[in-house]
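This report is written for a reader who is meeting the structure below for the first time. Please look over the sequence and the model before reading on.

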Amino acid sequence: MQDNVVDLLTLVEREGMVLESARHPSIPNLVEYIVGEPVHGSWWGHPKGHEIYALLNALRGADAEVAVCKFIDGKITYIHRRLWASCARLAAILGPERLDLVHSVHTDKGHHKSERIPLAEWLPTEVAAAAAELGEDEARASLAPWLGG
């Protein structure tokens, strides 16, 4: 499984932003990358559902270079670190909640609950400093593929 997580990290690094499972005409998604074909319906029902779950969880915990937010259309989006400063620079304009880290926690009753960590709490200090130095036009240009130009 490690090689597959490395492949997923490489995909996120190369693309900049990747959706977890939502479909978009120009943005790849991890679930389809994992199974190698479009998934119809919920990926939980796919024969590789357990593998998908394991890989996505491994990716979330594998690397400090990937943030998992609801950036694109409110859908789970994996964002590579190289874009964090641009995202942070435009957070006030785009809506800072789009940059909350999202993760699932296991409750005492055995359920999974989604939790959010605000941008100000997770963004590394050096990235926040880089965001403050970044011009708005430069930030918009680096995020153009995900902002519609």
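**The chain as a whole**

The model is predicted. Its secondary structure comes to eight helices and five strands. Read from the N terminus, the elements follow the order α-β-α-α-β-β-α-α-β-β-α-α-α. The C-alpha trace spans about 45 × 35 × 25 Å along its principal axes. A compact globule of 149 residues would have a radius of gyration near 15 Å, and the chain, at 16 Å, agrees with this.

Of the 149 residues, 41% count as buried. The chain exposes about 8,400 Å², and carbon and sulfur atoms supply 51% of that area. Considering contacts between residues at least 6 apart in sequence, 52% join residues at least 24 apart.

**The three-stranded sheet**

Three strands form an open sheet in the order β1-β3-β2, with antiparallel pairing. The edge strands are β1 and β2, each of which pairs on one side only. Neighbouring strands in this sheet are turned by 35 degrees against each other on average, direction ignored.

Strand β3 covers residues 75–80. Five of its six residues are buried, which leaves β3 mostly covered. The pairing of β3 with β2 is antiparallel and runs over five bridges, while β1 and β3 pair in the antiparallel sense over three bridges. Two residue pairs illustrate this: valine 66 has histidine 80 in β3 as its bridge partner, and valine 18 stands opposite tyrosine 78 in β3.

The hairpin of β2 and β3 has two residues between the strands. Aspartate 73 lies in this loop between β2 and β3. Most residues other than glycine have a negative phi. Aspartate 73 has a positive phi of about 55 degrees although it is not a glycine.

**The nonpolar cores**

Which residues have the most contacts inside the largest nonpolar core? They are Met17, Phe71, Ile79, Trp122 and Trp146, in a core of 28 residues. The elements that give two or more residues to this core are β1 (17–19), β2 (66–72), α4 (84–89), α5 (91–94), α6 (119–122), α7 (125–133) and α8 (136–147). A second, separate core has 21 residues, including Val12, Ile34, Leu55 and Val102.

Isoleucine 79 can be followed through its contacts. Leaving aside neighbours within four places in sequence, isoleucine 79 is in contact with Val12, Gly16, Met17, Glu65, Val66, Ala67, Cys69, Phe71, Trp84, Cys87 and Leu99. Met17 and Phe71 in that list are also among the residues with the most contacts inside the largest core. Val12, another contact of isoleucine 79, is included in the second core.

| Residue | Relative accessibility | Class |
|---|---|---|
| Glutamate 65 | 31% | partly exposed |
| Aspartate 73 | 62% | exposed |
| Serine 86 | 6% | buried |

Is serine 86 buried or exposed? Serine 86 is buried because its relative accessible area of 6% is under the 20% limit. Serine 86 is found in helix α4. Not counting residues up to four places away in sequence, serine 86 touches Leu134, Ala139, Ser142 and Leu143.

Aspartate 73, the hairpin residue with the positive phi, counts as exposed because its relative accessibility of 62% is over 50%.

Glutamate 65 is found in the loop between α3 (49–62) and β2. At 31%, glutamate 65 falls between the two limits, so it counts as partly exposed. Residues up to four places away in sequence set aside, glutamate 65 touches Ile79, His80, Arg81 and Trp84. Glutamate 65 and cysteine 87 are 22 residues apart along the chain, and their C-alpha atoms are separated by 14 Å.

Conventions. Residues are numbered from 1 along each chain as its sequence is written. This is a predicted model: local features need pLDDT of at least 70, side-chain atom pairs count only at pLDDT 80 or more; totals for chains, interfaces and linings use all residues. Side-chain values use heavy atoms; hydrogens and water are left out. A nonpolar core is a set of buried Ala, Val, Leu, Ile, Met, Phe, Trp, Tyr and Cys residues joined through side-chain atoms within 4.5 Å. Buried means under 20% relative accessible area, exposed over 50%, partly exposed in between (1.4 Å probe, protein chains only). Helices (H or I, at least four residues) and strands (E, at least two) are DSSP runs, numbered from the N terminus. Contact means heavy atoms within 4.5 Å. Two strands pair if DSSP finds at least two bridges between them. Axes are lines fitted to C-alpha atoms, for helices over the stretch in contact, and angles run from 0 to 180 degrees between N-to-C directions. The radius of gyration is taken over C-alpha atoms; the globule rule is 2.2 Å times the number of residues to the power 0.38. Accessible areas come from the Shrake-Rupley method with a 1.4 Å probe; for residues, only the protein chains shown count as cover.
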